[in-house]
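This report goes through one protein chain, from a single side-chain contact to the chain as a whole. Please keep the sequence and the model in view while reading.

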Amino acid sequence: MKKIDTNIEFFKEDLNQAIGSGIYQISICKDNKSKILYIGESETVLKRCGEHLYKLNENPGYLGFTEDILKDSNITLKFELLEKIDDAIFRKKREVELIKNESPLIQSGINDHLKNLEDRILALREFLNMN
């Protein structure tokens, strides 16, 4: 298990709301700046976001992180519920719309696809001014 010093806010506003289905976002915050990393949808938002955290621990590049970024305690990774939507077809359609409107840092803009690994890491490092 990797040591993660990055702060994690996991549905700080209302954890109970994340139990059901909906659309969520993962954001990165540092020095009073924040940027959306990822927008996703799930029938079980809380479970899906737990999976994101597990994957981050297993492979930091999954969310554009590197070992040095994980060790930065001035960074906060924030999980938030955007909308509760039960209907799967409408939820997916709304997710794609939000991705196009918000241009998350590590997503390609094609549905919910991620950029390639190198581009995810580069995008995050540029946002954090680490290059």
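## Threonine 66 and its surroundings

The side chains of threonine 66 and aspartate 68 are joined by a polar contact of 2.2 Å. This distance, like every value below, comes from a predicted model. Threonine 66 sits in the loop between α1 (45-58) and α2. Its relative accessible area is 18%, so threonine 66 is buried; the cut-off for that class is under 20%. Leaving out residues up to four places away in sequence, threonine 66 touches Pro60, Ile121 and Arg125.

## Helix α4

Helix α4 covers residues 117-127, and its buried residues are Arg120, Ala123, Leu124, Arg125 and Phe127. These buried residues pack against three elements: β2 (22-30), β3 (33-42) and α2 (67-70).

The N-terminal end of α4 is capped by asparagine 116, which places a side-chain oxygen 3.2 Å from the backbone nitrogen of glutamate 118. Just after the helix, asparagine 129 takes a positive phi of about 55°.

## Isoleucine 28 in strand β2

Isoleucine 28 belongs to strand β2. With 0% relative accessibility, isoleucine 28 counts as buried. Which residues does isoleucine 28 contact, leaving aside its neighbours within four places in sequence? They are Lys33, Ser34, Lys35, Leu37, Phe65, Ile75, Thr76, Leu124, Phe127 and Leu128. The C-alpha atoms of isoleucine 28 and leucine 105 are separated by 9.5 Å, while the two residues are 77 residues apart along the chain.

## Asparagines with positive phi

Asparagine 129 has already been mentioned for its positive phi. Asparagine 32 also has a positive phi, in a residue other than glycine, and so does asparagine 111, which is not a glycine either. The table gives the angle for each.

| Residue | Phi | Location |
|---|---|---|
| Asparagine 111 | about 50° | loop between α3 (88-102) and α4 |
| Asparagine 129 | about 55° | just after α4 |

Is asparagine 32 buried or exposed? At 87% relative accessibility, asparagine 32 counts as exposed. Asparagine 111, at 36%, counts as partly exposed.

## The chain as a whole

The secondary structure comes to 4 helices and 4 strands. Along the sequence they follow the pattern β-β-β-α-α-β-α-α.

The C-alpha trace spans about 40 × 30 × 30 Å along its principal axes. A compact globule of 131 residues would have a radius of gyration near 14 Å, and the chain agrees with this because its own value is 14 Å.

Of the 131 residues, 43% count as buried. Contacts between residues at least 6 apart in sequence join residues at least 24 apart in 69% of cases.

The chain exposes about 7200 Å², and carbon and sulfur atoms supply 48% of that area. The charged side chains number 20 positive and 23 negative, with the centres of the two sets 2 Å apart.

Technical notes: Residues are numbered from 1 along each chain as its sequence is written. This is a predicted model: local features need pLDDT of at least 70, side-chain atom pairs count only at pLDDT 80 or more; totals for chains, interfaces and linings use all residues. Side-chain values use heavy atoms; hydrogens and water are left out. Buried means under 20% relative accessible area, exposed over 50%, partly exposed in between (1.4 Å probe, protein chains only). Helices (H or I, at least four residues) and strands (E, at least two) are DSSP runs, numbered from the N terminus. Contact means heavy atoms within 4.5 Å. A polar contact is a pair of N or O atoms within 3.5 Å; within protein, one must be able to donate a hydrogen and the other to accept it, and residues adjacent in sequence count only if both atoms are side-chain atoms. The radius of gyration is taken over C-alpha atoms; the globule rule is 2.2 Å times the number of residues to the power 0.38. Accessible areas come from the Shrake-Rupley method with a 1.4 Å probe; for residues, only the protein chains shown count as cover. Lys and Arg count as positive and Asp and Glu as negative; His and the chain ends are not counted. The place of a charge is taken as NZ of Lys, CZ of Arg, CG of Asp or CD of Glu.
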